[in-house]
Amino acid sequence: MKTIKDASFIRQGADFGNIRPVFKKVIWLDKPVRKATLCCSALGYYEAYLNSTRVGNFIFAPGWTSYGVRIQYQEYNVTELLEEVNTLDIALGNGRRYHGNPHEHYESITDREDALIAALFIEYEDGTNDFIPTDSSWKCSKSNILYSHVYNGETVDFNANTDEEFPVKVLEDINKDILIPTEGEEVREMARLGVVEIIKTPKGETVLDFGQNLTGYVEWKVPAKKGREFKLYHAEVLDKDGNFYIDNMRSAKVEIKVISDGNERFYKPHFTYQGFRYVKLVGFDSEDVSTDNFSAVVVFSNMKRIGYFACGHDLVQQLYENIVWGQRGNFLDIPTDCNQRDERLGWTGDAQVFARTASTTYRTKKFFKKWMHDVAADQRANGAVTDVVPDLHNWESYGSSAWADVAVVVPYWVYRCYGDTENIRDQFESMKKWILFMEANGTRRGLFDNHEHHFGDWLSLDAGNEATGGFTDKNLIGSAYLIYSNRLFIEMGKVIGEDMSYFEELYDLSIKEYRQKYLNTGKKEHETQTANVLAIYFDITDNVEREAERLVRDIEDCGHLKTGFVGTPYLLHTLTKIGRADLAYKLLLKETFPSWLFPVTKGATTMWERWDGMKEDGSFATPEMNSFNHYAYGSVGDWLYTTVAGIDSDFSAPGYKHIVFRPLPCKSLGYAKARILSDNGEIISSWEYTGKGDECKFRFTIPTGSTATLYLDDEEYEFKSGTYETVFEYKGY
Ligand code: BGC
């Protein structure tokens, strides 16, 4: 049986400069076909057309993996597209990042060796077969894509000569063993948004507002004006004067340039995407600027939506929508930190803190399975997990606590949400290596306090704005995460029947060492909000009252949160745990800086990277690092699901086989409702104040095959599947 590995990698046999190639094969069929399958992969991106019809829906195929060791291929059933004489055209984008570091040397990636590999498998009705692989018989021509780059955009000239045919070069030395079947979810065009307003800015720019910060591209009508150049630029925000603002894209040019050949046509980019809400038009006549001529195409991984949350507080509701849009914008084959500037990388810390919210909102099982395989593939021999996956930084640095812990934390939530033991088995060695790396890098066994590279409580507010790493002792965070990750690792190991006694002993020792080294030392860097949160939430302290008192005092003294990427995900959970859900709600509902709702009051439609991405007066934080679509602080989403509405899955009966309902109604919200389409069926929890004093109506739905425990006002109630309604006097928060 032939496979795609029997085909050859090919590339253009002539120097095309930046122009993207199209590979061609004409195929004559002389007998009826039962089934035809096109198998395709590339070093770079590809887009295949059979008889001018686009094959499949996968945008940015073959997907992004740790290219050095794993490259996916796709299989498409193309039986319906076949005719007697067939033309197979496959365009090759220089793609995301086959080699090189797009972050620092992105200019150079256009001259690297992209290549295509494909094979058409034909089964005839008479039982015979054909195999048509990429080889030296294929031809190649220049496409009309003169330039294409993920960050910079695309230049297309519809006047370009695309007819001339060139020979192809067969590349013998590319290792085909790294080709693997697709593991992840396809990136697809998932939605379309229209223009909500055409703006004339004070500077006189013509700007389209799509009303939503999103990831994707614009499909637009190229005017029939031969030789004219039309340009689109993409931005997330307008500046305080209402002008187009692009400085926070850093070096990403986010420019789409099209030269008309005199024919009117709709065009959308092929091998690039942008993060934007606003689009500036350059070179257009006013008669060509109408809302009908432009639409925004939203692209992200085709995951199933499973989680929904609604409440009676408009700003909190918008916050929730922003969290969901943050996921849509950044779950693009891999979980990226941001979608706009010259970064858009698989930052492990961001994914780690957002994994629980993400896995409740969308079914991430397949998405994370693929990416976690890359986490393991890029993991260093010594067990350190890289900062970004796929790792193209290739920095000396790696193994930052809270970032590298993705190795353990993501499989944990995938298991808890979907009951998936396969993922635990797949990732077990990787998790173990990471725990052992931490163990090996302590001044004493049990601490992870002897490693140089940590990002710390990233972007927290307790060390001044310049110090991105926060004030909390980085070795404290490292040692706390050793405890947390090791505990999750032990729990998962037991699920698959591993002997975890070595790690249990390490766990006990870590707790002892941590208490001695970091608790009650009198040092300020050990008593930050984040330090107190970790001590309580990770069950490290033997004196919860003490840490709780410090945490509450700190918040009350300054009146707000100060936490960064490390502390924020657990802040409200921790306050709830110490019986201060009232304070948690106060932080959630705070509308002034710093808070979750402050960006909402400033019109945010996605989560911001910084608490002060935009200031009260509309000016911005440093353009060096100021993304308006960064989901890390969206991790508060899991507090909305598990605590406001009150649905959680129980680790000991994962996949919501046993549901934990723990709603904490709050009068300012009026009502809240969460709905989760678990693998076991639909779960609902809702509550609503009836308007009669403290009277609150609760409703719970438990799917067939699940059981549930409801915790309400210190009471516990057991439920079997069904729908239950009850009215309760509930004071609330
Ligand atoms: C990214 C982050 C990431 C951080 C690491 C930033 O540039 O955007 O979200 O986690 O670097 O420090």
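**Close-up views of the ligand site, salt bridges and backbone**

An oxygen atom of the ligand sits 2.6 Å from an N or O atom in the side chain of Asp337. This is a predicted model, in which local features need pLDDT of at least 70 and side-chain atom pairs count only at pLDDT 80 or more, while totals for chains, interfaces and linings use all residues. Residues are numbered from 1 along each chain as its sequence is written, and side-chain values use heavy atoms, with hydrogens and water left out.

View 1. Arg341 brings a polar side-chain atom to 2.7 Å from an oxygen atom of the ligand. For Trp403 the distance from a polar side-chain atom to a ligand oxygen is 2.9 Å. A polar contact here is a pair of N or O atoms within 3.5 Å; within protein, one must be able to donate a hydrogen and the other to accept it, and residues adjacent in sequence count only if both atoms are side-chain atoms. Taken alone, the ligand exposes 310 Å², and the protein buries 96% of that. These areas come from the Shrake-Rupley method with a 1.4 Å probe; for residues, only the protein chains shown count as cover.

**View 2. The shell around the ligand.** The ligand is surrounded by Asp337, Arg341, Glu343, Trp347, Asp350, Trp403, Phe455, Trp458, Phe565, Glu609, Met625 and His630. The shell divides into 6 nonpolar, 1 polar and 5 charged residues. Ala, Val, Leu, Ile, Met, Phe, Trp, Tyr, Cys and Pro count as nonpolar, Asp, Glu, Lys and Arg as charged, and the others, Gly among them, as polar.

**View 3. A salt-bridge network.** Salt bridges link Arg250, Asp337, Arg341, Asp342, Glu343 and Glu609 in a network. A salt bridge is a side-chain nitrogen of Lys or Arg within 4 Å of a carboxyl oxygen of Asp or Glu. The structure holds 52 of these salt bridges.

**View 4. The salt bridge of Asp374 and Arg70.** These two side chains meet at 2.7 Å, N to O. The pair links distant parts of the chain, 304 residues apart: Asp374 is in helix α4 (residues 365–378), and Arg70 is in the loop between β5 (53–54) and β6 (71–77). Helices (H or I, at least four residues) and strands (E, at least two) are DSSP runs, numbered from the N terminus. Asp374 is buried, at 0% relative accessible area. Arg70 is buried too, at 10%. Buried means under 20% relative accessible area, exposed over 50%, and partly exposed in between (1.4 Å probe, protein chains only).

**View 5. Backbone features in the β5–β6 loop.** Phe60 lies in the loop between β5 and β6. Phe60 has a positive phi of about 65° although it is not a glycine. Most residues other than glycine have a negative phi, and most peptide bonds are trans. Phe60 is buried, with a relative accessible area of 7%. A cis peptide bond joins Ala61 and Pro62, with omega about 10°. Pro62 is also in the loop between β5 and β6.

**View 6. Ala402 in the α4–α5 loop.** Ala402 is found in the loop between α4 and α5 (406–418). Ala402 has a positive phi of about 75°. Ala402 is buried, at 3% relative accessible area.

Conventions
Near = heavy atom within 4 Å.
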